[in-house]
Amino acid sequence: METLIGQVAKGFVDICHFAHLLAIIIGVANGIIIGALPGLTSTMAVAVLTPITFAMNPMTGISLLLGVFCGGIYGGSITAILIRTPGTPASIATVFDGYPMAQKGEAGRALSMALIASFCGGMVSAIILILGAPQLAKVALRFGPPEYFGLTVFGISVIASVSGKRLIKGLISGVFGLLLSTVGMDPVSGVPRFTYDTNILLSGFNLIPVLIGIFAASEVFYQAVETFKKEKNFQPKDIPVTSLFISLSEIRKSGMNILRSSLIGTLIGVIPGTGGGIAAFVAYAEAKRASKYPEKFGTGVIEGVAAPEAANNATTGGALIPMLTLGIPGDPVTAVLIGAFMIQGLRPGPLLFQQQGHIVFALFAGLLIANIVMLAFGFIGIRLFAKIIKIPIRILSPCILCLCFVGSYAVANSMLDVAVMLALGIVGFFMRKHDFPGAPIVIAFILGPLVETSLRQSLSISNGSWMIFLNNPICVAFLIITFVSAGISMYRLHRD
Amino acid sequence: MKSNFIISVLLFALGLFVYVSSYDIAVLAVVDRSGIINSRFFPRLCAILLIIFSAIMALEDYLEGRKRGKESKGNVPSNNGIIYPLGGVSLLCIFYLIMYYPLGHIISTVIFMTIFLYFMSCRSYYILLILPVLLSVSIYLLFRTFLGVPLPEGILGF
């Protein structure tokens, strides 16, 4: 233990160099900006800035990228709260309560809580990364197809929590999302499905246009139509921003929720192939399950912002664990980071700790500092961000639509993505008119391929025997939690 | 509710269509050793779930309608007055979609935003003239110059 403390202390001494700290500050600022732009994910933020690090000292370059990683995940929550447009897929769950809070004039409180929860999530995961990286990596490596199946089914059960008043409508939305995810090449055998002999649908629908369409474009259509219907010479709805910051007692009340969500985020982040989106959904569902007033979730409760934000930022440290200890990239961001490490002459894996341990511990310290910098930038920016809500809808609407177009196009330089976004925007508008929730579509769309792949791989391993799921303790545990969690949600819906 | 019943019928039809279409999906027996769990399995499962859920929704609405009687008519979401604004906004977006590539990002965005703002009853000449130009140029510079994300150049050629 003394050795570990000594190594961490030396890491802090190494990272406290002007160039490294400046790199972290620049990285976090860029990450927040890029993460807040719809269509640009934290993966893209890291990828865009990687070439800049080639000429830098390894520690400076990697510090910059870690700053971008942290800032990018947090940045996604800003637009999710203010304009119902998640900047990154990791912030989708933040929309559920963040946007209603902004509509009630509590944008500042929502942004503050998102920031504090993100900071806590990032710090908890960084500390776990320092203390238990090798042990956690071993557990994560034991995850095979049946365990993934259990985890993803548990993730899908979140649909029950975000279905609103009528569960059946949430389930229909979820099935629609699953159907959308089946378009394109079959993830297991590569057979084209529903492509109608065209090449443009072979790779399926991209996630970003789907989420922008369902959340952002549909909201713009809705607001535009509502505004137009009310009166032609309308006065924009004046949403007062009542308070910018949250009190210490509110932070204390959410303490357990943030800690639980941070642990969930770190653990899910460790598992390769998951990521911030799934972690945020699971943490949201758990926060709702544990709450004394679960029926209020989705109407703008602060715990509904704290849980996903703590969890998605906690995946940053979690995702670094298999990457640094085993050389396995757990998600797209760490895949890009591995490339950046290798260009700098650092080969992630078990030998990294032995051969260049001082750099690893300096980077751990850098991750902690990046979270502190993110907190500082967030607090400085909250006043500015909250002003967006004061812009009249008639002016904000075309600006958001323009960002929706560019964000969808930027994913793959394809007009098909823009058309998909637009079509789903109109679908989302009618869904909202008829009380169908949009969130289950996106949840199912993300988890659908994972569920299908893990299910079919498991059954291939067992030669078609479904007992493989019941013979696996981790899978059984996930399935039990899923049924209990879904049962409680259904009971509460029925009771209310 | 009549609108919910129509939606249920449409979803039911979509489920049937997906199920029938799944017969066109090829099956690779070498990869899918487990038999029924092949490339068709998941779309079919989704189609069956959609059929079941839409039937349940129709049944729920029927039972609720019977229970509430005439009261239920008051809960029908009104579609009155949405055709003109939604049609206008959708047409503008389709125009933007069609013109985005040939005209390029800057010109198409300026035209789209100016018309959209006017359509939304914005009559301030400062906003109508300055905001579209400012926004389209700043987005172009941010994405293309700083982030290296190519946006359509169109007829301007830059």
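In the predicted model, I62(A), L65(A), L66(A) and F69(A) of helix α4(A) are in contact (heavy atoms within 4.5 Å) with V333(A), L337(A), A340(A) and F341(A) of helix α14(A). The residues of this contact comprise eight nonpolar, no polar and no charged, where Ala, Val, Leu, Ile, Met, Phe, Trp, Tyr, Cys and Pro count as nonpolar, Asp, Glu, Lys and Arg as charged, and the others, Gly among them, as polar. The axes of α4 (residues 58-83) and α14 (residues 332-343) of chain A approach within 11 Å and cross at roughly 170 degrees; α4(A) and α14(A) are therefore roughly antiparallel, a term applied to angles over 145 degrees. Helices are DSSP runs of H or I with at least four residues, and strands are runs of E with at least two.

Residues are numbered from 1 along each chain as its sequence is written, and chains are lettered from A in the order in which they are written. Local features require pLDDT of at least 70, side-chain atom pairs count only at pLDDT 80 or more, and interface totals use all residues.

Between them, chain A and chain B bury about 5,800 Å², 80% of it on carbon and sulfur atoms; buried area is the accessible area (1.4 Å probe) lost by two parts on being put together, summed over both. Chain A contributes 64 residues to the contact and chain B 69 residues. Two salt bridges cross the interface, each defined by a side-chain nitrogen of Lys or Arg within 4 Å of a carboxyl oxygen of Asp or Glu. A salt bridge joins the side chains of R166(A) and E60(B) (2.8 Å, N to O). On the side of chain A that touches chain B, α17(A) supplies the largest share, twelve residues. That side divides into 44 nonpolar, ten polar and ten charged residues.

Over all chains, the count reaches twelve salt bridges. E219(A) and R84(A) also pair through their side chains in a salt bridge (3.5 Å, N to O). Because E219(A) lies in helix α9 and R84(A) in the loop between α4 and α5 (92-103) of chain A, this pair ties together parts that are 135 residues apart in sequence.

Terms used:
Heavy atoms only, no water. Axes fitted to C-alpha atoms, helices over the stretch in contact; angles between N-to-C directions. Parallel < 35°, antiparallel > 145°, perpendicular 65-115°, else oblique.
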